[in-house]
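Good morning, and thank you for coming. I would like to walk through the charged pairs and the nonpolar packing of the structure on the screen.

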Amino acid sequence: MATYRYRAATLSGQLRTGTLQGASTEDALSRIRGLGLMPIEAVVLNESGSEKKNVRPGTATRTAVARAFSELAVLLGAGLTLDRALRICIDNLTDRVTHAEFERLSSRVKEGVALSVAIQESKGVLPPLASAMAEAGEASGTLEISLAKLAEMLERGEILRQTIVSALVYPAILVFIAISVILIMLLWIVPQFESLFSSSPAKLPPMTMAIIAASHLLKNWGLIALVALAAAVIGGIQIAKRPAVRLWLDTTVLALPLFGSIVRKAETARFSRTLGSLVDGGVPLPVALSIAGRTMLNTNMSQAAKRVAVGLKEGGGLSRPLQDTGIFPPIAMSFMRTGEETARLGTMLQRLADVLDRDVRTAIDRAVSVLTPAITVVMGALVALVIASIMSGILGFNDLAMGP
């Protein structure tokens, strides 16, 4: 018997957490349902009482998972049994992590375990959203439709992620080139001219002396500074993992003038698309809100959604409690309010996600279009400063040599 930490919702929409014993995840979920609760997750604890660490899938794995669910939806729609459809998907998978995960799903399904339960047993390879969508599809008898929506959401999320990464590649290359050029000039080029100036260092211009001093400082202390910087970065990453520090950082990010708005819209888009799909799939709103809140990476926004989920009653409004948090963008409240008034909340949430995704892409393109020339100008100015310092020293040395 293993110990499981669970999160579940009551019939009134309130969240409950606790621990219980179970022979397997399926047994733990059955015990949770026996308590009159709707399970959201059940995570097995290790001997020390902490949750077993999840695997963080890479880009290839996330893409493979989205494609596998899309193919699985098509096969189920064609009339194949779930077991047969899973075997075909496995044969077409080339990503090692995804292949092993779907092998596990196939084995669990053969044992008679529901697909949603088997997905919930995943250790981070499959997102929590996948289990909720599968459970909604199983309950309504439209598993292939739910899996198709899931695949579409995963693909959209990965496309947006790749768009952001691709937009930042060119500025990152420019920064790397700029730092490399400046280091080469200070470590190799400036020392070549230093011997020329050594005969009369007191007569050198202040700017030239400053560049030479910077070269000496880099040669003597550069390696130590690099090690100290690496240690500081590693230490900072470890400190940032602490819940209180992570919450403070995420709150600070949202307050930034430009970047904060981009993060706010991107997180709201992910939240809205997940919530809309779950609502359309028949998942109760409090449970759907709790699951959608877990998909957000910003802990401040995620905790705000969880607080709303805790206080949300079955059949209650959504837009007003979210607006009271003061975190989500005003446009989101407008779409949600319209969805509630027209009884088309899921559809309006999907449209909101599309609008916010488009706004995020536009904002990133504008930011990159400004950042790229700014980096180029700064790089050129620094290189010109080093060259001007050397040339002023050479001219001053020549004037001294030609003087009376």
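Let me begin with a definition: a residue is buried under 20% relative accessible area, exposed over 50%, and partly exposed in between, using a 1.4 Å probe and protein chains only. Please keep in mind that this is a predicted model, in which local features need pLDDT of at least 70 and side-chain atom pairs count only at pLDDT 80 or more, while totals for chains, interfaces and linings use all residues. Residues are numbered from 1 along each chain as its sequence is written, and side-chain values use heavy atoms, with hydrogens and water left out.

I turn to the salt bridges, each defined as a side-chain nitrogen of Lys or Arg within 4 Å of a carboxyl oxygen of Asp or Glu. The whole structure contains 13 of them.

One joins the side chains of aspartate 354 and arginine 156, at 3.0 Å from N to O. This pair links distant parts of the chain, 198 residues apart: aspartate 354 belongs to helix α15 (residues 345-402), and arginine 156 to helix α7 (residues 143-197). Helices here are DSSP runs of H or I with at least four residues, numbered from the N terminus. Aspartate 354 is partly exposed, at 29% relative accessible area, and arginine 156 is likewise partly exposed, at 31%.

A second salt bridge is formed by arginine 270 and glutamate 267, at 2.1 Å from N to O. Where do arginine 270 and glutamate 267 lie in helix α10? They are three residues apart in that helix (residues 259-280), so about one helical turn separates them. Glutamate 267 is buried, with a relative accessible area of 5%, whereas arginine 270 is partly exposed at 31%.

Elsewhere, salt bridges with shared partners connect Glu101, Arg104, Arg108, Glu111 and Glu121 into one network. Within it, the side chains of glutamate 111 and arginine 108 meet at 2.6 Å, N to O. Glutamate 111 is exposed, at 54%, but arginine 108 is buried, at 16%.

Finally, the nonpolar cores, meaning sets of buried Ala, Val, Leu, Ile, Met, Phe, Trp, Tyr and Cys residues joined through side-chain atoms within 4.5 Å. The largest has 81 residues, and Phe69 and Phe271 touch the most other members. Helix α2 (residues 59-77) supplies the largest share of this core, eight residues. Apart from it lies another core of 11 residues, including Ile182 and Leu204.

Methods: Helix = DSSP H or I, 4+ residues; strand = E, 2+ residues; numbered from the N terminus.
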